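Let's take a walk through the charged side chains of this one. Have the model open as you read, and click along.

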Amino acid sequence: MSYEKVTRFRSDLIIGTKQTLKAIKRGAVSEVFIADDADRQVTQKVEGLAHEMSVPCHRVDSMQKLGVACGIDVGASAVAVKQ
């Protein structure tokens, strides 16, 4: 379900941990998707800030599949949906 949801919002996505963190801080995010196989040290910051800002956070199993769902040729560790 999560990959399909990401694909549906493809034009409203923020891809990557740095960009996702910035967008969460600005309050410009409605939900976040994090890949389980991404570096935990990197994704932990995104997950913590999302929780702090009351942004729903969903886990998916694969960076590669998340990247494909976003329409990019590389894996994505974190993706946010713009509000």
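A salt bridge here is a side-chain nitrogen of Lys or Arg within 4 Å of a carboxyl oxygen of Asp or Glu. By that rule, the structure holds four of them. Before you zoom in, note that this is a predicted model, where local features need pLDDT of at least 70, side-chain atom pairs count only at pLDDT 80 or more, and totals for chains, interfaces and linings use all residues. Numbering starts from 1 along each chain as its sequence is written, and side-chain values use heavy atoms, with hydrogens and water left out.

Start with Arg59, which pairs with Asp36, their closest N and O atoms lying 2.7 Å apart. This bridge links distant parts of the chain: Arg59 sits in strand E3 (residues 57-60), while Asp36 is in the loop between E2 and helix H3 (40-52), 23 residues apart. Helices (H or I, at least four residues) and strands (E, at least two) are DSSP runs, numbered from the N terminus. Arg59 has a relative accessible area of 32%, so it counts as partly exposed; the scale is buried under 20%, exposed over 50% and partly exposed in between, with a 1.4 Å probe and protein chains only. Asp36 is partly exposed too, at 45%.

Now look at Glu47. What does it bridge to? One partner is Arg40, at 2.8 Å from N to O, and another is Arg59, where the closest N and O atoms are 3.2 Å apart. The Glu47-Arg59 pair again links distant parts of the chain, from helix H3 to strand E3, 12 residues apart. Put together, the shared partners join Asp36, Arg40, Glu47 and Arg59 into one network. Arg40 is partly exposed at 43%, and Glu47 is partly exposed at 25%.

Is Glu31 buried or exposed? This residue of strand E2 (residues 29-35) has a relative accessibility of 9%, so it counts as buried. Its side chain makes a polar contact with the side chain of His58 at 2.7 Å. A polar contact is a pair of N or O atoms within 3.5 Å; within protein, one must be able to donate a hydrogen and the other to accept it, and residues adjacent in sequence count only if both atoms are side-chain atoms.

Last stop: Arg26, found in helix H2 and exposed, with a relative accessible area of 60%.
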